[in-house]
Amino acid sequence: MKKMLPRISSAEPVIHGVLKIVWDDGYTGLVDLRPILARGKVYTYLQNPKNFQKVQVTEFGHAIEWLDENREQIDFASGTLREKAEKQAALIALAS
């Protein structure tokens with residue numbers, strides 16, 4: 001039986017490059033996207049703090065997205081974000 005990934009209920013910027021994400025199973029995590037945003041042309045749009053603020057949850061909660069000035073989608077999948085949130089939470093716990 002295939003395990004269903006939780007869907008994203010909400011996503012909001014905490015600071016530029018960091019999101020607070022809530023999944024429909026109740027898990028809440030912080031995801032630091034700053035290392036990803038710092039590389040590659042595809043993320044140039046998100047390097048502007050005003051653009052990063054425009055994050056949206058996709059219709060069924062499978063991802064978050066931004067639409068750039070050309071209406072091209074920049075997105076991150078729910079599963080990838082959940083994995084990052086859990087790994088980053090574990091690192092913070094180790095550092096404490």
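Reader: Okay, I've got this much: two strands count as paired when DSSP finds at least two bridges between them. So which residue in β3 is the bridge partner of K20?

Author: That's L30. Keep in mind that you're looking at a predicted model.

Reader: Noted. How many bridges join β2 to β3?

Author: There are 5 of them, and the two strands run antiparallel. β2 covers residues 18-23.

Reader: What holds strands of a sheet together in general?

Author: Strands pair through backbone hydrogen bonds, and the pairing can be parallel or antiparallel.

Reader: And in what order do the strands of this sheet come?

Author: The order is β1-β2-β3, an open sheet of 3 strands with antiparallel pairing. β1 (8-15) and β3 (28-32) are the edge strands, so to speak the ones that pair on one side only. On average, neighbouring strands are turned by 25° against each other, ignoring direction.

Reader: Which strands does helix α3 lie across?

Author: β1, β2 and β3. Helix α3 spans residues 78-95 and runs at about 90° to β3.

Reader: Zooming out, how many helices and strands are there in the chain?

Author: You'll find 3 helices and 6 strands. Starting at the N terminus, the elements go β-β-β-α-α-β-β-β-α.

Reader: What about the inside? Which residues touch the most other members of the largest nonpolar core?

Author: L33, I64, W66 and L81, out of 20 residues in that core. Two or more residues each come from β1, β2, α1 (34-37), β5 (63-67), β6 (73-77) and α3. The most come from β2, which gives 3.

Reader: Let's pick I64. What is I64 in contact with, leaving aside neighbours within four places in sequence?

Author: Quite a list: I8, A11, L19, V55, Q56, V57, T58, I74, D75, F76 and L81. One of those, L81, was also named with I64 among the residues that touch the most other core members.

Reader: What share of the residues counts as buried?

Author: 34% of the 96 residues. The accessible surface of the chain is about 6400 Å², and carbon and sulfur atoms account for 54% of that.

Reader: Last topic, overall size. Why does the radius of gyration agree with a compact globule?

Author: Because a compact globule with 96 residues would have a radius of gyration near 12 Å, and this chain has 14 Å, which agrees. Along the principal axes, the C-alpha atoms fill a box of roughly 40 × 35 × 20 Å.

Key:
Residues are numbered from 1 along each chain as its sequence is written. This is a predicted model: local features need pLDDT of at least 70, side-chain atom pairs count only at pLDDT 80 or more; totals for chains, interfaces and linings use all residues. Side-chain values use heavy atoms; hydrogens and water are left out. Helices (H or I, at least four residues) and strands (E, at least two) are DSSP runs, numbered from the N terminus. Axes are lines fitted to C-alpha atoms, for helices over the stretch in contact, and angles run from 0 to 180 degrees between N-to-C directions. Contact means heavy atoms within 4.5 Å. The radius of gyration is taken over C-alpha atoms; the globule rule is 2.2 Å times the number of residues to the power 0.38. Buried means under 20% relative accessible area, exposed over 50%, partly exposed in between (1.4 Å probe, protein chains only). Accessible areas come from the Shrake-Rupley method with a 1.4 Å probe; for residues, only the protein chains shown count as cover. A nonpolar core is a set of buried Ala, Val, Leu, Ile, Met, Phe, Trp, Tyr and Cys residues joined through side-chain atoms within 4.5 Å.
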